[in-house]
Amino acid sequence: MALWAIMAAPLMMSNDLRNLRPEFKEILLNRDIIEVDQDTLGIQGRQILPANQGQGVEVWRRPIMPVMQIANETWASFAVVCWNRRVDGMPFAFPRQLGFYGLTHPGGYYIKELFTKKEYGLMKADDVLTMQVNPAGGVFMFKATLAIALKDFDPHKAKESDLLRKRFKPAVQEVKRRPKYAKHRALPENFDGADGGGSDGSFFALKFLAVIVVLAIVVRLAGFRFGPASLLRLSRRLLK
């Protein structure tokens with residue numbers, strides 16, 4: 001559930017939810033984690049620490065709302081998951097300063113663990129967040145809300161979401177102007193991907209060729225030899 005939320009994945013279950021055990025239902029209905037998954041900023045989380053560099057603990061981080069723009073800098077809140085990949089079968093202590101996760105705003109962050117709902121209060125980059133990560137794929141997930149953004153935060157303002165979205169997701173036209181994309185054919189301005197981008201002719205030619213090859217194989221397996229006489233016999237059989 002925690003990794004799904006960090007990756008902004010659809011939260012779908014294939015089992016019968018009516019027969020779900022209460023402890024599993026409590027996890028799936030965790031409103032704090034669902035809010036992270038459906039965060040309006042819409043940016044997928046990324047791994048910031050692989051397990052082989054974190055003593056067997058993998059760390060993922062995702063920027064979320066609220067955000068704040070100060071001068072020329074944009075600061076975001078974050079959701080963080082520490083995932084225990086160790087095989088020793090024991091809970092693992094993972095104390096780290098908040099700055100270790102890239103949470104460096106001098107005004108600090110309000111920290112909340114999302115499974116136990118424990119509030120850690122206001123913490124700054126030099127403060128140590130101590131946690132015990134459960135074994136066998138266990139996770140510790142917390143939300144770090146940017147302190148200075150709380151008084152001005154309005155979740156219904158789309159412009160706040162755009163602050164960081166533009167920073168991480170440049171416009172398509174800007175990407176196409178970069179040198180590494182210059183060798184690719186430019187897309188028309190009204191291209192939406194529905195018409196195949198102008199490659200219909202070659203695509204249908206390949207389909208036609210594939211159909212001819214398949215028919216030739218079928219005819220050969222049926223005992224026919226290519227020639228006027230064999231084609232005539234085949235047409236007679238089809239017309240019967």
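This is a predicted model: local features need pLDDT of at least 70, side-chain atom pairs count only at pLDDT 80 or more; totals for chains, interfaces and linings use all residues.
The relative accessibility of W4 is 36%. Buried means under 20% and exposed means over 50%, so W4 counts as partly exposed.

## Chain overview

The protein chain contains 7 helices and 10 strands. Of its 240 residues, 30% are buried. The accessible surface of the protein chain comes to about 16,100 Å², and 58% of that area is supplied by carbon and sulfur atoms.

Contacts in the protein chain can also be sorted by sequence separation. Taking those between residues at least 6 apart in sequence, 64% join residues at least 24 apart.

## The open sheet

An open sheet is built from 6 strands, and its order is β1-β2-β3-β10-β6-β7 with antiparallel pairing. The edges are held by β1 (46-49) and β7 (119-123). Each of these two has a single partner strand, so one side of each lacks a neighbour in the sheet. From one strand to the next, the twist averages 30 degrees.

Strands of a sheet pair through backbone hydrogen bonds, in either a parallel or an antiparallel sense.

## Strand β10 and its partners

Strand β10 spans residues 139-146 and is mostly covered, with 6 of its 8 residues buried. In the sheet order, β10 stands between β3 and β6.

On one side, β10 pairs with strand β3 (residues 73-84) in the antiparallel sense, over 6 bridges. There, V80 stands opposite F142 of β10. The pairing of β10 with β6 is also antiparallel and is made by 5 bridges. K112 stands opposite K143 of β10.

Strand β6 covers residues 109-113 and is joined to β7 by 4 bridges, the two strands running antiparallel. Y110 has L122 in β7 as its bridge partner. Strand β7 stands at an edge of the sheet with a single partner strand, so one of its sides has no neighbour there. Strand β6, in contrast, has β10 and β7 beside it in the sheet order.

Definitions and conventions:
Residues are numbered from 1 along each chain as its sequence is written. Side-chain values use heavy atoms; hydrogens and water are left out. Buried means under 20% relative accessible area, exposed over 50%, partly exposed in between (1.4 Å probe, protein chains only). Two strands pair if DSSP finds at least two bridges between them. Axes are lines fitted to C-alpha atoms, for helices over the stretch in contact, and angles run from 0 to 180 degrees between N-to-C directions. Contact means heavy atoms within 4.5 Å. Accessible areas come from the Shrake-Rupley method with a 1.4 Å probe; for residues, only the protein chains shown count as cover.
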